[in-house]
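Subject: Structure handover

Hello,

Here is the structure I said I would pass on. Please look it over first; my notes on what was found follow below.

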Amino acid sequence: AYAQHGHGRESLKLFRQMQIEGVKPNEVTFSAVLNACSTRGDLAEGRLIHGHIIETGFESDAVVGTAIITMYGKCGCLEDAFKIFRNLSKRNVVTWNAMIAA
């Protein structure tokens with residue numbers, strides 16, 4: 001709810017609290033926190049979360065991959081967005097649209 005309503009900072013605080021409490025994030029979690037980074041233009045935090053995504057094995061997920069593409073695109077890192085797009089094993093219309101919009 002926080003990320004969808006422009007409260008990116010609060011969304012990221014909740015994500016950190018979730019990690020502290022040992023709750024494992026899933027594709028929806030990662031998509032939401034990457035959206036918060038995109039909205040805030042917070043490339044540094046987005047890169048940290050991307051690293052966590054790689055560690056947890058969600059990078060190949062189409063939903064998460066699309067969120068990463070969107071985050072890099074909105075933060076002005078088109079090369080990074082394209083690298084993620086190129087490495088996705090399954091692309092769908094949403095993934096293509098994210099890359100086009102980036």
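**Salt bridges**

Asp-80 and Arg-47 form a salt bridge through their side chains, with 3.0 Å from N to O. Asp-80 belongs to helix H5 (residues 78-87) and Arg-47 to helix H3, so this pair ties together parts of the chain that are 33 residues apart in sequence. Both ends are partly exposed: Asp-80 has a relative accessible area of 24%, and Arg-47 is at 38%. Please keep in mind throughout that this is a predicted model.

In total the structure holds three salt bridges. Another one joins the side chains of Glu-45 and Arg-16, at 3.3 Å from N to O. Here too distant parts of the chain are linked, as Glu-45 sits in helix H3 (residues 43-56) and Arg-16 in helix H1 (residues 8-20), 29 residues apart. Glu-45 counts as buried, because its relative accessibility of 15% is under the 20% cut-off. Arg-16, in contrast, is partly exposed, with a relative accessible area of 37%.

The side chains of Asp-42 and Arg-40 also meet in a salt bridge, at 3.3 Å from N to O. Arg-40 is partly exposed, and its relative accessible area is 39%.

**Nonpolar core**

The largest nonpolar core has 23 residues, and the members that touch the most others are Leu-34, Ile-49, Ile-53, Ile-68, Ile-69 and Tyr-72. At least two core residues come from each of H1, helix H2 (27-40), H3, helix H4 (62-74), H5 and helix H6 (93-101). H4 gives the largest share, six residues.

Leaving aside residues up to four places away in sequence, Ile-68 touches Leu-34, His-50, Ile-53, Glu-59 and Ile-84.

**Packing of H2 and H3**

How do H2 and H3 run relative to each other, roughly parallel or roughly antiparallel? Their axes are 9 Å apart and the packing angle is about 160 degrees. That angle is over the cut-off of 145 degrees, so H2 is roughly antiparallel to H3. The crossing of H2 past H3 is left-handed.

On the H2 side, the residues that meet H3 are Phe-30, Val-33, Leu-34 and Cys-37. Their partners in H3 are Glu-45, Gly-46, Ile-49, His-52, Ile-53 and Thr-56.

Regards

Definitions and conventions
Residues are numbered from 1 along each chain as its sequence is written. This is a predicted model: local features need pLDDT of at least 70, side-chain atom pairs count only at pLDDT 80 or more; totals for chains, interfaces and linings use all residues. Side-chain values use heavy atoms; hydrogens and water are left out. A salt bridge is a side-chain nitrogen of Lys or Arg within 4 Å of a carboxyl oxygen of Asp or Glu. Helices (H or I, at least four residues) and strands (E, at least two) are DSSP runs, numbered from the N terminus. Buried means under 20% relative accessible area, exposed over 50%, partly exposed in between (1.4 Å probe, protein chains only). A nonpolar core is a set of buried Ala, Val, Leu, Ile, Met, Phe, Trp, Tyr and Cys residues joined through side-chain atoms within 4.5 Å. Contact means heavy atoms within 4.5 Å. Axes are lines fitted to C-alpha atoms, for helices over the stretch in contact, and angles run from 0 to 180 degrees between N-to-C directions. Angles under 35 degrees count as roughly parallel, over 145 as roughly antiparallel, 65 to 115 as roughly perpendicular and the rest as oblique. A crossing is left-handed if the near helix is turned anticlockwise from the far one by less than a right angle, and right-handed if clockwise.
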